[in-house]
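Have the sequence and the 3D view ready as you read.

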Amino acid sequence: SPTPDWQIRKADDEEEFVGYDMLSTPVSITKYRKVTSKKEGEFFQLVFNITPFYPESGGQVGDKGYLQVPNGAIHYIVDTKKENDLILHYSKTLPVDINAKFNAEVDESQRFKTACNHTATHLMHQALRSILGTHVEQIGSMVHSGMFRFDFSHFAKLTRQELLSVEQFVNARIKEQIPLKENRNVPIDHALSDGAMALFGEKYGDTVRTLRFGKSIELCGGCHVNNTSEILFFKIINESAVASGIRRIEAITGDAVILHFEQQSMVLDKIGDLIRNQDPLKVFEN
């Protein structure tokens with residue numbers, strides 16, 4: 001079905017994104033429309049004059065959160081995407097008084113976990129180029145709060161030792177507590193001459209945002225931690241082939257790693273019970 005026309009409440013030349021600096025801000029709705037899809041059913045797309053919600057782009061998922069009405073009613077924002085330079089906030093419900101002043105709140109926990117994973121992709125990119133060689137280039141990524149995947153150019157399956165080396169490299173950068181150095185609106189020529197990595201297939205404007213963590217410097221519009229120590233820990237959970245000459249690593253950070261180790265410990269305990277406290281390595285070698 002054709003996309004319905006916008007209901008325009010207030011003409012606004014530009015929607016300002018403030019999500020790098022704040023997760024909560026007063027907003028007003030400038031336009032909205034009701035959309036129906038076979039997969040999602042009925043929902044509303046809302047546009048604000050200002051927003052802290054990061055829209056899905058650059059491999060990073062869109063923020064979730066809520067819109068609070070002065071009387072206390074809450075409308076959940078279930079996704080955020082970008083379309084024709086507009087940041088669209090997806091909600092199953094529409095405020096009764098569309099002209100009211102609202103407070104937009106990003107889900108802080110989900111954003112933080114996503115930021116940890118996004119920064120980890122930069123550190124892992126640096127690790128792969130350092131360990132495997134500078135032929136490694138990021139081909140694509142998908143970053144959300146639970147885990148991330150990272151596709152890169154390489155000609156062979158990574159050995160266990162190579163995977164361990166990548167983990168050790170990233171965890172060393174985390175332990176070093178490297179602060180973020182962010183620069184916005186940098187002329188792209190300056191950024192590239194400073195050594196910033198431009199990603200394959202990405203389109204960049206005349207000015208860019210650069211993110212540096214020590215020797216890792218990339219052009220990126222995503223959300224990141226202020227210090228690598230916030231990531232806590234990094235663990236690779238899978239490595240596989242995507243296509244000829246393209247590998248994929250899936251990994252986790254922070255609390256997800258703690259949970260992973262707890263589950264692994266439980267598995268080892270159960271194995272220990274089954275083999276009656278013998279050395280599991282000797283049992284399975286036989």
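## Aromatic pairs

The structure holds six aromatic pairs. Rings of Phe, Tyr and Trp (its six-membered ring) pair if their centres lie within 6.5 Å; planes under 30 degrees apart count as stacked, over 60 as edge-to-face and the rest as tilted. One of the pairs joins Phe-17 and Tyr-54: with centres 6.1 Å apart and planes at 65 degrees, this pair is edge-to-face. Phe-17 belongs to strand β2 (residues 16–17) and Tyr-54 to the loop between β6 (50–51) and β7 (65–68), so their contact ties together parts 37 residues apart in sequence. Strands (E, at least two residues) are DSSP runs, numbered from the N terminus.

Buried or exposed, what is Tyr-54? Tyr-54 is buried, at 4% relative accessible area, while Phe-17 is partly exposed at 25%. Buried means under 20% relative accessible area, exposed over 50%, and partly exposed in between (1.4 Å probe, protein chains only). Phe-17, Tyr-20 and Tyr-54 form one aromatic cluster.

## Charges over rings

Now for some charged partners. The charged end of Arg-173 sits over the ring of Phe-169, 4.5 Å from its centre. Lys-81 lies over the face of Tyr-90, at 5.8 Å from the ring centre. Such a charge counts if NZ of Lys or CZ of Arg is within 6 Å of the ring centre and within 35 degrees of the ring normal.

## About the model

This is a predicted model: local features need pLDDT of at least 70, side-chain atom pairs count only at pLDDT 80 or more, and totals for chains, interfaces and linings use all residues. Residues are numbered from 1 along each chain as its sequence is written, and side-chain values use heavy atoms, leaving out hydrogens and water.

Definitions and conventions
Helices (H or I, at least four residues) and strands (E, at least two) are DSSP runs, numbered from the N terminus.
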